[in-house]
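Subject: Structure handover

Hi,

Here is the structure I promised to pass on to you. Please open it alongside this message, and then read on.

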Amino acid sequence: HHRLEAMVGPLGVWAELQRYRLQLLQRNGLQPHNSHLDIGCGPLQGGIAFINFLEAGRYVGFDIDPVRIDAAHSQIAQHRLSIKKPRVVVSSSFGEQELSGQMFDFMWASQILYYFKDDAMNHLLDMIRRRLNPEGRFFADTFPPDHYEFHHPEYPGRYVLHTEDSLSALAAPHGLKVRCLGVIGDFGYPRRLSLRTNLLFEITHA
């Protein structure tokens, strides 16, 4: 478990994080029959709840890190969820090669957007444009402008500040629109965790 803990924080909060993630998407319309893409799914610290909730074959997750995907497969086995036919894959191209022509009703990218500079964001937005169903919804959270890293950076240039305006400007050429839904603390993100002031964004077809 030490390796997992190093990846995603203390295991004690996993149950809370799973509840929060599922609740957030349920509050925004997720139904068991919907198809869902988990971007940067890691070792399924949120994914297990989605796999449990969704009908078989409706969950797909990808991550750039093979170690995390190995851990994800272990989690699926441990929770006896193979029957739900979840698909978790390693991808460094937002699923470009791995997902063939698959489309999704919901997409989720938890706490990774702040690593994406404009070129990576454009790559992601292009994938959303092509793979999000007409009425589909993409959700992601990112650091707010007053996050300490932007004012006292430990690693200058490591994190990217995204705002509703900056994301809207990038999304418009892809035919996508962006809106801020507030802070994730209001959607049940554990109060004791420091990222509860992260902003939640929704991206849909314009």
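Predicted model: local features only at pLDDT ≥ 70, side-chain atom pairs only at ≥ 80, totals over all residues.

Residues are numbered from 1 along each chain as its sequence is written, and side-chain values use heavy atoms, with hydrogens and water left out.

**The nonpolar cores**

In soluble globular proteins, nonpolar side chains tend to be buried together. I call a residue buried under 20% relative accessible area, exposed over 50% and partly exposed in between, using a 1.4 Å probe and protein chains only. A nonpolar core is then a set of buried Ala, Val, Leu, Ile, Met, Phe, Trp, Tyr and Cys residues joined through side-chain atoms within 4.5 Å.

The largest nonpolar core has 32 residues, and those touching the most other members are Tyr20, Leu44, Phe50, Tyr59, Val88 and Trp108. Two or more residues come from each of helix H2 (14-27), helix H3 (47-53), helix H4 (66-78) and strand S4 (104-109). H2 gives the largest share, five residues. Helices (H or I, at least four residues) and strands (E, at least two) are DSSP runs, numbered from the N terminus.

Leaving aside residues up to four places away in sequence, Leu44 touches Trp14, Gln18, Ile51, Tyr59, Ala72, Ile76 and Val88, where contact means heavy atoms within 4.5 Å. There is also a second, separate core of 29 residues, with Leu124, Leu132, Leu167 and Phe201 among them.

**Helix H2**

The buried residues of H2 are Trp14, Leu17, Gln18, Tyr20, Arg21, Leu22, Leu24 and Leu25. With 14 residues at 1.5 Å a residue, H2 should span 20 Å, and this agrees with the 20 Å between its end C-alpha atoms. The expected span here is 1.5 Å times one less than the number of residues in the helix. Just after H2, Gly29 has a positive phi of about 105 degrees.

**Salt bridges**

Side chains of opposite charge can pair when their charged atoms come close. Counting a side-chain nitrogen of Lys or Arg within 4 Å of a carboxyl oxygen of Asp or Glu as a salt bridge, the model has seven salt bridges.

Glu96 and Arg130 make one of these, with the closest N and O atoms 2.7 Å apart. This pair links distant parts of the chain: Glu96 sits in the loop between strand S3 (87-90) and S4, and Arg130 in helix H5 (residues 118-131), 34 residues apart. Glu96 is partly exposed at 31% relative accessibility, and Arg130 is partly exposed at 29%.

Asp126 bridges to Arg129, again with closest N and O atoms 2.7 Å apart. Because they are three residues apart in helix H5, Asp126 and Arg129 are separated by about one helical turn. Asp126 also meets Arg130 in a salt bridge at 3.1 Å, N to O; these two are four residues apart in H5, so about one helical turn separates them as well. Salt bridges link Glu96, Asp126, Arg129 and Arg130 into a network.

**Aromatic pairs**

Rings of Phe, Tyr and Trp (its six-membered ring) pair if their centres lie within 6.5 Å; planes under 30 degrees apart are stacked, over 60 edge-to-face and the rest tilted. There are ten aromatic pairs. Phe106 and Phe139 are stacked, at 6.4 Å centre to centre and 15 degrees between the planes. Phe106 lies in strand S4 and Phe139 in strand S5 (residues 132-142), 33 residues apart. Phe106 is buried at 6% relative accessibility, and Phe139 is buried at 0%.

Tyr115 and Tyr159 form a tilted pair, 5.6 Å centre to centre with 45 degrees between the planes. Tyr115 is in the loop between S4 and H5 and Tyr159 in the loop between helix H6 (148-151) and helix H7 (164-171), so the pair ties together parts 44 residues apart in sequence. Ring pairs link Tyr114, Tyr115, Phe143, Phe150 and Tyr159 into a cluster.

**Cysteines**

With a disulfide taken as a pair of cysteine sulfur atoms within 2.5 Å, the count is zero disulfides. Cys41 is buried at 1% relative accessible area, whereas Cys180 is partly exposed at 29%.

Best wishes
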